[in-house]
Amino acid sequence: MTTQAQLLPGTLDLLILRAVSLGPLHGYGVLLRIEQISGGALLIEQGALYPGLFRLLRQGLLKAEWGVSENNRRAKFYELTATGKRRLREETESWNRLSTAIASALAPQPEEI
Amino acid sequence: MRLFDSLRSFASNLFRRAETDREIEEELRSHIQLRADDLERGGLPHAEAERRARIEFGGYQRLKEESREALGVQFGEGLLQDIRFALRRMGKKPGFAIVAVLTLALAIGANAVVFAVLNAFILRPLNVPQSESLYGPWRLSSDMSESYPDYLDLRDRNHSFESLAAFNVTQAGLDTGSDPSRAWVDEATGNYFDTLGLKPYLGRFFHASDEHGTNSAPFIVLTYDFWRSHFQSDPSVIGRVVRLNKFPYTIVGVGPPEFHGTLMFFNPDFFVPIVNHPQFDTNDMNARGDRWVFMTLGHLKAGVTPAQAIADLNSVGAVLEKAYPKDDPKMSFKLARPGLYGDYIGRPVRTFMTALMLLAGLILLAACANLGSLFAARAADRSREIALRLALGSSRKRILRGLFAEALLIALIGGAVGLAGSVALLRALSVWQPISRWPLHMSVNPDAKVYAVALLLALASGLLFGAVPVRQVLRTDPYEAVKGGSVETKRGRFGLRVTFQDVLLLVQIAICAVLVTSSIVAVRGLANTLHNNFGFELKNTILVETDLNMAGYLGDKVPPMQKRMIDALAAIPGVDSVGLADQVPLGDAQPDSNVFADSTTDLRPANAASDAMMFKVSPEYFQAAGTALVSGRAFTWQEDKDKPRVAIVNRQFARKIFGSEAKAMGAYFKIPDGARIQVVGIAEDGKYGSLTEDPQPVMFLPILQSASNSAYLVVRSSRDPEQLTLAIRSTLRNIDAGLPVYIQTRYKALDAFLFGPRMATISLGVLGVMGAMLSVVGIFGMASYSVSKRLREFGIRIALGAQKSELLQAALGRTFRLLAFGSAVGLLLGLAAGKVIAFIVSQATPWDPVVLGGVLVTMLLLGLLAGCVPARRALATDPLALLRED
């Protein structure tokens, strides 16, 4: 499991928003999508997804509707609201800024070489 | 706002809870199902796939709860759960819950009662509009009384009061056509009701415009209460003419329901215009020196400060001082609140109530401390459960919340029970008339403030004692429970170290013992009081009070009427003797006079040999009252104004004035009017002014030689008092149907004198019960705690063959040593306190085997009561169960 990374605190929400931004998904689908888009590198405790989903639902970033899954099981489907979309944009930008900054801070400096 | 939001979400969640719960559940299950489908497709067998899916999902219950929390359902749901859980736990151990609830009920009830009284007398002013600006002028040299002319000048010359009213308190005979009776009357100035800004409930008030000089306004305004009790709320009473002291008066109105006059405690029956004062008393309305008007009062004008008003009054006073130097020598003022007669009643009431409030607060604090240790003991009992829950992933916050929910629940139930009890008590207090002859009332019905205070106190005490086991829970180490060892919460160990709790309990036990000692002393003293030698007989004596003035008898018409009444009553079958006196010992008033040695010629007060009480009595009085004559003779009906003046004195008088009883017989003394009086008899000593007084010098004078209008008839008879009362009433009515009489047994007449001792005894008793309750709970808590902590040890001891006595020694020894030590200290202090009690309750002495034995037995019983449950538990320890468990 060396290729898998622990999730940084607070990043689960961002991942969920990102996963859902590609189209309506049920909870399990969100999990699979995150695995897929992260190339299986991010490890999420399956159940821990739900408190996160509900938090976003309560903040009005997601909306949910009951539907039927591809293999005919009842499931609740989530999609982004307008606020959710905006939040995703903002969070993505700030994350990119942060990660660039961290990356450049951690990159080998010329004098180190 | 957050509180409001959470409350709103709590409310709506209550309804949505079930549905949301179901939905969460469905979604989580659907997730597990989808995962299982995937795994099955990946080749796992169906059952295995489902198992794996569940494992991968994680802690289902925990996640469900977190999900709920994320949806904001947590607050209400958790609280409801906590309450349910707390109720279940309380149901399992009802003894604990009952002890805790009762303790709090008593403590909070006591606080509510004291606060309600404080609220009624001090915080809530008089029941009149804008009472905050209501003041009365108080003469610095004396009190709030004024003469009528001075009142008029103050009223007309001041610039600070909107208007200045005045009233005087008196009694009058009220004859409504059937049963003439005494009534308490406020003689009020015409502007009285307008000054107070009151509106009548029925009819009209009298006004300044009704006053046209002396006796010009024969009007009555009834108080609402008197209208209800004496006129059955009959609205047609307006316009009816009744007789007051034989003079016709017209009832013009009824006051508002909540108005009981402007003097708290003292509720008059009705109001009459003060200009009619000559029909009630002999004061001269024009005499500037006769300060008979009880009180003046009024609202300060808007914008006038009390300081400005005082300066204004003083400048009026200065003018009057100059004009009437003889009658108004010193006329400077302060302002006083009228309700409690300024600081005269106000200060002692305030001091007393503040002290009582502090005491009640202390009781509540002690109760909280005791309940705290009870809770600590409970938490110690549950330490394994708590540790297990922690190990299973429950948060400490959650466990603490559960504990607090239980504490608050108990506090609220206790508070509710206490409040209900105090409301009942306050209702009873409000209708209670401590001394039947006086219109004394305490309107202490609880209002919203009282309820709020009780609720706050309940919540605060719940939080307080709920907080005691917090540290214990925070320190619980879950691994200990899992490892199966005993769960030791680290707390002050029960070694030889003296803990704070020990000291607290010791102090409580000592205080309890003091209170128990004092109340037994007081009760014994009170019981003995009635078997005291009063110098007259209590048994088989009826006291008939009349005032001939109220029936229109004056001057020379008085003595024949008195003789007629005596003869008529003596003729009633079964009556042994009838005596008459202007005042009786231990009655309403004790007139006194200076007496001088026969040789004294300058009868200035400074030369008086002594001051002596003076009762004017008929010849048969001594026989009727049961006062024994030690030597000499009683008076005769021949000793009237034309005969040389004679007196019967008591032994103390004889000793004090003449040196010995032998020297007193036949000797002479003088009274301030210069009359020489010969002693013809000596009576036994008794109690005259109070039950606790030292022997007082007393003289009895023949009523025929010094007439008096007021008259008590002392009737001696072994007949049933109730029948006799009826017979006396009808006999007197036959003589004069308009004569108000007041008939009571001699015992009942002592109510006013027994009021103080009774109140002291009751208060001590109530405090004693509170103290006992606190001690029991304290001992119970401490013993339970020590037993639960050492349960394993007891199990091992039993397994090793320990005797029951050894076990008890180990379980309760320390607690009972504290009890013994505290009781000893308390008993000693209580014996010292007995001396203080003797000032209030005569005959109170702590050196009495009943007292000492009573205290010992009481304290022992308290100890047994509190110790029996923990002791039973220690003895019932089952070593096998303990060994199995661990």
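Visitor: Why does Leu526(B) count as buried?

Guide: Leu526(B) has 21 C-beta neighbours inside 10 Å, so it counts as buried. Please keep in mind that this is a predicted model, where local features need pLDDT of at least 70, side-chain atom pairs count only at pLDDT 80 or more, and totals for chains, interfaces and linings use all residues. Residues are numbered from 1 along each chain as its sequence is written, while chains are lettered from A and ligands numbered from 1 in the order in which they are written.

Visitor: Where is Leu526(B) found, and what does Leu526(B) touch?

Guide: Leu526(B) sits in helix α16 (residues 500-529) of chain B. Helices are DSSP runs of H or I with at least four residues, strands are runs of E with at least two, and both are numbered from the N terminus. Leaving out residues up to four places away in sequence, Leu526(B) touches Pro757(B), Arg758(B), Thr761(B) and Val841(B). Touching, or contact, means that the C-beta atoms, placed from the backbone, lie within 7 Å. Leu526(B) and Val841(B) are 315 residues apart in sequence, yet their C-alpha atoms are 6.2 Å apart.

Visitor: What makes strand β16 of chain B largely enclosed by the rest of the structure?

Guide: Four of the five residues of β16(B) (residues 646-650) are buried, so the strand is largely enclosed.

Visitor: Which strands pair with β16(B), and in what sense?

Guide: Two strands pair if DSSP finds at least two bridges between them. With strand β18 (residues 676-683) of chain B there are five bridges, in the parallel sense, and Val646(B) has Gln678(B) as its bridge partner there. With strand β19 (residues 698-702) of chain B there are two bridges, in the antiparallel sense, and Val649(B) is partnered by Met699(B).

Visitor: What makes up the largest nonpolar core?

Guide: A nonpolar core is a set of buried Ala, Val, Leu, Ile, Met, Phe, Trp, Tyr and Cys residues joined through C-beta atoms within 7 Å. The largest has 227 residues, and those with the most contacts inside it are Ile108(B), Val649(B), Leu713(B), Val714(B) and Val715(B). Helix α5 (residues 94-123) of chain B gives the most to this core, with 20 residues. Another core, of 31 residues, lies apart from it; Val30(A), Leu53(A), Tyr78(A) and Leu63(B) are among its members.

Visitor: Which way do the residues of strand β8 of chain B point?

Guide: In β8(B) (residues 270-273), Phe270(B) and Val272(B) point one way, Phe271(B) and Pro273(B) point the other way, and all are buried. In a regular strand the side chains alternate between the two faces of the sheet.

Visitor: How do you know which strands of the open sheet in chain A are at the edge?

Guide: The order is β2-β5-β4, with antiparallel pairing. β2 (25-26) and β4 (62-68) of chain A each pair on one side only, and they are the edge strands. Seven bridges join β4(A) to β5(A), where Ala64(A) has Tyr78(A) as its partner.

Visitor: How many residues are in contact between chain A and chain B?

Guide: Here 17 residues of chain A are in contact with 17 residues of chain B. On the chain A side, α2 (27-37), α3 (49-58) and β5 (74-80) each give two or more residues, and α3(A) gives the most, with five.

Note on methods:
Contact = placed C-beta atoms within 7 Å. Buried ≥ 20, exposed ≤ 12 C-beta atoms within 10 Å, placed from the backbone.
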